Amino acid sequence: MRTDFTLAQLADPEIDAANTILRTCVHCGFCTATCPTYVLLGDELDSPRGRIYMIKNLLESGQPATAKVVKHIDRCLSCLSCMTTCPASVDYMHLVDRARVRIEKTFARPWPERVLRALLAFVLPSPGMFRLALKAAALGRPFKGMLPGRLKGLVTMAPARVPAASAVDRPQVFEAEGKRLKRVALLTGCAQQVLRPSINEATVRLLTRRGCEVVVAEGAGCCGALVHHMGREDQARKQARANIEAWEKAGVEAVVINASGCGTTIKDYGWMLKHDPVWAERAARIAGLARDVSEIINELGVGELTEKGLPAVTYHSACSMQHGQGLSEEPKALLAAAGFEVREPAEGHLCCGSAGTYNMLQPELAGRLLERKVENLKRAGGAVIATGNIGCLEQIAGGLAGGTGENKGPPVVHTIELLDWATGGPKPEGIP
Amino acid sequence: MKMPQPDAGVIARRAEIIEAMQAIVLGEGVITDEEELRVYDHDGLMAYKGLPLVVVLPETTGQVSAILEYCAANEVKIVPRGAGTGLSGGALPLADAITLGLGKFNKILEIDYDNRTVITQSGVTNLAITEAVEDEGFYYAPDPSSQIACSIGGNIAENSGGVHCLKYGLTTNNVLGIEMVLMSGKIVHFGGKHLDSGGYDLLGVATGSEGLLGVITEVTVRILQKPETARALLLGFPSNKSAGNCVAAIIGAGIIPGGMEMMDKPAIHATEDFVHAGYPLDVQALLIVELDGPEVEVDHLIERVDAIARQAGATHLSVSRSEEERQAFWSGRKNAFPAVGRLSPDYLCMDGTIPRRKLADVLQRIEELSQQYGLRIANVFHAGDGNLHPLILFDANEPGELEKAENFGADILRYCVEVGGVLTGEHGVGIEKRDLMGVMFTEDDMNHQQRLKCAFDPAHLLNPGKVYPTLHRCSELGRMFVHKGKLPFPDIPRF
């Protein structure tokens, strides 16, 4: 595609990178077909091709972002389905990231929006704060009718019961069972350990059983994805640097991630810090060590099977898993190897609407995507739904909740909880 | 590219027109802000751009009818747009025209296995039709390479082809009926689930009409049962010429493959980088030949094609061993155009069609022109039906390169016509080949074609400036015929 940046603009390495990306796009429109918002809205403005063109105009103009552009960029889920589809391999992810940063820096959002975003950016990355907020929300439930729109939505979304903090998430080292094959760090993350502590517990059991010494590193925390997708580049980089430092000290062969949204971001640390002379190389090294837990287990094998007569599983591939990290087959293969019959839903490439903070910031579109997703998942007919990302897990569980009797949806669990169960761990909560 | 002079009177009434549109289409379906309109300033052909007066995205046939009725009464032009994947600029906006997008017409309305038909709204993608029926073992045969994204309504407007058209026909052979809104706002139905209607074949007239006769809102297509077996062969050749001769020999032997496609070296490399289909990288030309039908027939045909290919000098022969592998073979071809984005920031895609026996000759000429213009070329095309898609690679950031590419393209198309071919096989004329129509048609030919347009749209409000190089008032056409091509009314703008 033709671009019109001035030489002065191109002197900025970020603009130069955006220019390189833009020039690979030939505007064929293939991406529109698999974009969730285009599928829903049928408007070029809400398609990747339209956004790419808007971003080009925004960056070329050098002007502050306008409300219209912000509206359409905000509607992008960053699900990266377009990148799987794109035959020219346009690096949409880094382009839309650049646009989000430009928006964050040049556009004054209306104040309720600003407060909400600041609140999410402050609360979600900190497990302590998040747990507190969820408890407050639980208390606020009876009064939700009195709350203003978006806040009411958030309170409704919060679980009725907040589980207690798990001991596995504290900094420590878990020894490998038997011969130590690998020493790995586990990202215990932020929101996941609060919402579903059982996922990290199952991961530690499975990894140690498969011969991994697992380090929960002191000083590691949120991967930075949440704030990164809000265009808060500096905060994201700060969180990335803290993790890099913590994992360097831990001296590990791999950094294992069991939330694919986080994995996509950590695998991208190299790009995130590439213009930082102190951190560029270190970031690239850690990014190179990052592995989704399914990759590690795939390498080590699921191990001895202890359970028989396992239920059929409908596998929901998180966008960050299939599009962000290109892992579409591995998790399914593992489930099959563990003795589960694996089913796939129709429209598996479409996002469930969770997308980080998207369901909180764009509840209407997220709700429509969720409805569509839940229908497809139910139709696939598995007794359990498995996925590898906490955001999808909560979103889909929320979408299935409320039904009773025959309408009651299947339980939603993390893939790793099923693998753990099949190889000696406890049966995941909710499975009959 | 010269376009008709915008009507200042219409532009002056913009606010009023917007208000009228907003009364018909509620919410976000009326797009008026410049920065949003800019996103609609071109379709799949990026070389030409223009801001529309306003973009309207209706959701029902009733709304389309109301919009057209208003526009007819108020002399506002309409540019229909499907998925915006067209490569001939058919949906290029005009400053004094409403761009009418059918993106929200995305629902499949009825699947009728007993009659083997599907009724869909016109904005549904080509591939979505196949996806909706494939579990039952059916598919929709025409498969343009952009099938993942292009709309069925756009397919009808352009009479699109695809790799399987060699055996199963173009869009026109697979569409059974349409619902179309005329410029007056009247909703008409041509065809239906049956094979023939009485009277003139108006469905045939509408197919390939490039948005000049009406706005298609609903489509009935025929679906076919998937062949019992389909296998694809990859045949590599040391030269374009030997590959071209192999194509002619296969057809000459009475074999009609399901699809027969050819790619030259640059295209092979660009696509292999993306899909890793297992294409041989040490050949100059690659043929993908698909044979389908009952297993015994396919096995027999593979043997015959294999023998013909060896005779023609093939240096690489492989046959797909599984359905996945067959899909992978095709995947490279289907993604070839955009994958060329890896070789060059911009390309122009030509669409000439030639008699098959001239393949080697035309490729030779294209190669000479490539040297002469100093622009690289990647060739990807439907070899089986002689439909060429040379991709002229250029960099629009370099001043003068677009013009050079345009001239190069025009020379290719002229040569196609010279050897007995035609300007377009499936992408349509649009604006891209508009000024070359005279190479193929005489003034009389074009006048007759435009008279048909006048019967549907006497005020020339639908997609003006596309397809025909000269603008005539409908009343003028009769006289033109009498004057044998001498142009009366020299004051009328011609472009």
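How many residues of chain B are in contact with chain A, and how many residues of chain A are in contact with chain B? In this predicted model, 33 residues of chain B are in contact with 27 residues of chain A. On the chain B side of this contact, at least two residues each are supplied by helix H3 (34-37), helix H13 (336-339) and strand E16 (346-349) of chain B, and the largest share, three residues, comes from H13(B). Divided by class, the side of chain B that touches chain A holds 14 nonpolar, 11 polar and eight charged residues.

Strand E16 of chain B also belongs to an open sheet of seven strands in chain B, which has the order E15-E12-E14-E13-E17-E18-E16 and antiparallel pairing. Because strand E15 (316-319) and E16 of chain B each have a single partner strand, they stand at the edges, and one side of each is left without a neighbour in the sheet. From one strand to the next, the twist averages 15°. Within this sheet, strand E13 (residues 259-264) and strand E17 (residues 377-381) of chain B pair in the antiparallel sense over two bridges, and B:Met262 stands opposite B:Phe381 in E17(B).

Two helices of chain B lie across strands of the sheet. Helix H10 (residues 265-275) of chain B lies across E13, strand E14 (285-293) and E17 of chain B, and runs at about 100° to E13(B). Helix H15 (residues 401-418) of chain B, in turn, lies across E16 and strand E18 (390-394) of chain B, running at about 160° to E18(B).

Notes: Residues numbered from 1 in each chain as written. Chains lettered and ligands numbered in written order. Predicted model: local features only at pLDDT ≥ 70, side-chain atom pairs only at ≥ 80, totals over all residues. Contact = placed C-beta atoms within 7 Å. Helix = DSSP H or I, 4+ residues; strand = E, 2+ residues; numbered from the N terminus. Nonpolar A, V, L, I, M, F, W, Y, C, P; charged D, E, K, R; others polar. Pairing = 2+ DSSP bridges. Axes fitted to C-alpha atoms, helices over the stretch in contact; angles between N-to-C directions.
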